[in-house]
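Work through these exercises with the sequence and the model open side by side. Try each task before you read its solution.

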Amino acid sequence: MINRILLKLCFVCGLGVLSSSALADMQIFACEPELEALAKELGGDRVSVSVATHAKQDVHYIQARPSLINKVRRADMVVCTGASLEIGWLPVLLKKGANPKVQGEPGLFMAAEQVELIGAGSVADRSQGDVHPEGNPHAFQDPYRMLSIAQKLADRLGVLDSDNKAYYLERFSDFKGRWLKAITNWETKAAPLKGQAVVVHHKSWEYFFNWLGIDMVASIEPLPGIPPTSSHLSQLVTQMESKPAYAIVRAPFTNKKGSVWLAKRTGICEVELAYTVGGSQQTTDLFTLFDSMIDQLLGAEQCK
Amino acid sequence: MKNTVLSAAITAACLVSSFTYAQSNNDTSFNPKISVILDGVYYSDNKGGDGIEHIEEMSGILGSHGHDEEEHGHGELKRGFNIREAELTMSGTVDPHLDAWITVAFSNGETEIEEAYFETRSLPSGWKMKAGKFFSGIGYHNQQHLHSWAFSDQTLAHQTFFGDHGLVDSGLQVTYLPATPFYTLVGVEVFQGEQDKFGAEVEHDELKEGAGPRLSTAFLKIAPEIGTGSELQLGLSLARTGQHQEDHSETPDVELLEGDILLWGLDVVYKKLPTGSFGEGSFTLQAEYFNVSKELTIEAASDIDEVGEEVTGDQDAFYLQTVYGIAPRWSIGARYEMAGMVNELKEESTDKLGDSRRVSLAATWQPTEYSKFRLQLSRANISEFDEDLGKARSESFNQIYLQYNVSLGAHGAHQF
């Protein structure tokens, strides 16, 4: 009797597993919100995406916690930045996730490896702070590089899920059309910002400002990843007195004390830019992310 | 001489590591990832430096009785400055199927392989196998290396059941991570069983040499999804050895025992993820409980009547600790520990071995990910069993640790 019940149970379970795997979308595990947004843009209703971090977290300092290991275990594809951004936790997730599908290409997609990085190949040692010898990993902040990443990601989706290859490529070409149009709008809108000088908290903005022709004249951190010291801040005050910057910029996950202090001392406007999807209320996808960051920067004028 | 060897090894490792670093820092490199971690403490107590010894002699059912046992490890602290260990770790991917990891610890002129294992990376369906020498997966704290502990010293619970290093041994581990809606990990291990405490081996002509593997464990961990801001992990552990040996000989009398020990344990870890930068606002609450019972038989004795008699014992221990990220790069922690709420040995009569407790407070400053500095204050009441009086007495003392921990080379893993 018990045997028969067990047998039935097994049958039902087995059926459940079979049918769910047949119907399931492609499961994508994304490390950062911007890559989650991109995977959704390109994958549409053929993928379901989970994300490891949110806009208020510094993605460098994430723990390889069990819930994330479980998500990697169940993923068909892992989409992360690479270039050592997730060095502390992604290798652990991939190791403990016990999922051979995503331990290397094609199941593992590293966005920063798809484009040329600023500062790649430079000599680096730890006395220079938290620098990445592979280059600055925050490449998605340049919309052109973002487009290259999108193309590679669409191709990869097609490789992994060949039944839907045409679907992904079509989604990409639709995205490309809208994105290029948006870039034109952004560049027109941001034209007044060209040549302006900004102080940043951390170097994560390099790509964004390079694209818009904005000058990063100083950073609140004396070295990347090293918190501001009072001597460094007072040096910045002197620098700002002789040559005032247009704005002081930081991301939602950074400590605002240094920037706020400098803004108060110098009367320069301090702006929290969204940085990634979810970084401000308006930023719900990649388009609104760049919309809002440019609006926020233009708004810094009113502070004067 | 040993110092020269040590410094040469470290220098070599640094050279190799800086070389790999300059070449490439990603996992596609053929060289193993190399790191060297240096841990040292300034230690003092108000027992003339004997605090550590009292803790090592803390009464418990797996303690040695009536004979000297040579022990080594992190415990040999002197008052003043101590380098506890320099830990050299190399890890990497062997081939498409295997990863490997080697940690060598240099301490007090001794070199010891702390961990050396390989594990699978290509088994399907969430299976993994690990073989070599490694920290057992039982509980939560046991798997952590000294340098990632939230406090400067080993917990009383691990100390009393496994000794300074925790349960680390040569063996085989199999784990299964099913694709369930929340994290579920099941593991079993078989170890050789070369331990100082749980699963000790005695070399004596009158005891047959144990055949390994002599120690086995099983564990289950689950982490229900409780949102993106925090994490909860619950664990259940079992460990057993059927060939635990003890030497209770007191010259000229011989008394040798062998038998079973069974351990079960519960662990819970709750972490609130930081909301500020560099760990500010993070909160960890972690607790573990272990219960051990032993059933030994006297296998050989000078008094022939004693042979075949049973010696049984029961003991438990727990710790509860919490760490809070009070400011960027600063955290404070508190730990309460107790060993031996139940602590008794039954031979002809029952010996109550008494309970030991300790309260510790720690403040840790971590200027970067590669260095940390800690001040820890502890108040300990340690129970020791006096064989002559036949009862337990308690030693109370204060301890202070000033610890530094610096790492070179490969970026450390942010383990949960």
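Predicted model: local features only at pLDDT ≥ 70, side-chain atom pairs only at ≥ 80, totals over all residues.

Residues are numbered from 1 along each chain as its sequence is written, while chains are lettered from A and ligands numbered from 1 in the order in which they are written.

**Exercise 1. Chain B as a whole**

Task: Compare the radius of gyration of chain B with that of a compact globule.

Solution. 
- Step 1. The radius of gyration is taken over C-alpha atoms, and the globule rule is 2.2 Å times the number of residues to the power 0.38.
- Step 2. For 416 residues the rule gives a value near 22 Å; chain B has 22 Å, so the two agree.
- Step 3. Look at the extents. The C-alpha trace of chain B spans about 70 × 55 × 50 Å along its principal axes.
- Step 4. Count the elements. Chain B has 3 helices and 17 strands. Helices (H or I, at least four residues) and strands (E, at least two) are DSSP runs, numbered from the N terminus.
- Step 5. Check burial. In chain B, 41% of the 416 residues count as buried. Buried means 20 or more other C-beta atoms within 10 Å of the residue's own, exposed means 12 or fewer, and partly exposed lies in between; C-beta atoms are placed from the backbone.

**Exercise 2. Where the chains touch**

Task: Which elements of chain B each supply at least two residues of the side that touches chain A?

Solution. 
- Step 1. Contact means that the C-beta atoms of two residues, placed from the backbone, lie within 7 Å. By that rule, 34 residues of chain B are in contact with 33 residues of chain A.
- Step 2. The elements are α1 (2-23), β5 (127-135) and β9 (230-247) of chain B.
- Step 3. This side of chain B has 14 nonpolar, 14 polar and 6 charged residues. Ala, Val, Leu, Ile, Met, Phe, Trp, Tyr, Cys and Pro count as nonpolar, Asp, Glu, Lys and Arg as charged, and the others, Gly among them, as polar.

**Exercise 3. A helix pair in chain A**

Task: Are α5(A) and α6(A) roughly parallel or roughly antiparallel?

Solution. 
- Step 1. The axes of α5 (residues 143-160) and α6 (residues 165-189) of chain A come within 8 Å and cross at roughly 170°. Axes are lines fitted to C-alpha atoms, for helices over the stretch in contact, and angles run from 0 to 180 degrees between N-to-C directions.
- Step 2. Therefore α5(A) and α6(A) are roughly antiparallel. Angles over 145 degrees count as roughly antiparallel, under 35 as roughly parallel, 65 to 115 as roughly perpendicular and the rest as oblique.
- Step 3. Residues of α5(A) in this contact include A:Leu147, A:Ala150 and A:Leu157. Those of α6(A) include A:Phe172, A:Phe175 and A:Trp179.
- Step 4. By class, this contact has 11 nonpolar, 2 polar and 3 charged residues.

**Exercise 4. Domains and α2 in chain A**

Task: Which element gives the most to the side of domain 1 of chain A that touches domain 2 of chain A?

Solution. 
- Step 1. Domain 1 of chain A is 23-185 and domain 2 is 190-303. The bounds come from an automatic or database domain assignment.
- Step 2. Their centres, taken over C-alpha atoms, are 25 Å apart. In contact are 24 residues of domain 1 and 23 residues of domain 2 of chain A.
- Step 3. α2(A) gives the most, with 5 residues.
- Step 4. α2(A) is mostly covered, with 11 of its 11 residues buried. What covers them includes β1 (26-30), β2 (47-51), β3, α5, α6 and α10 of chain A.
- Step 5. Just after α2(A), A:Gly44 takes a positive phi of about 50°.
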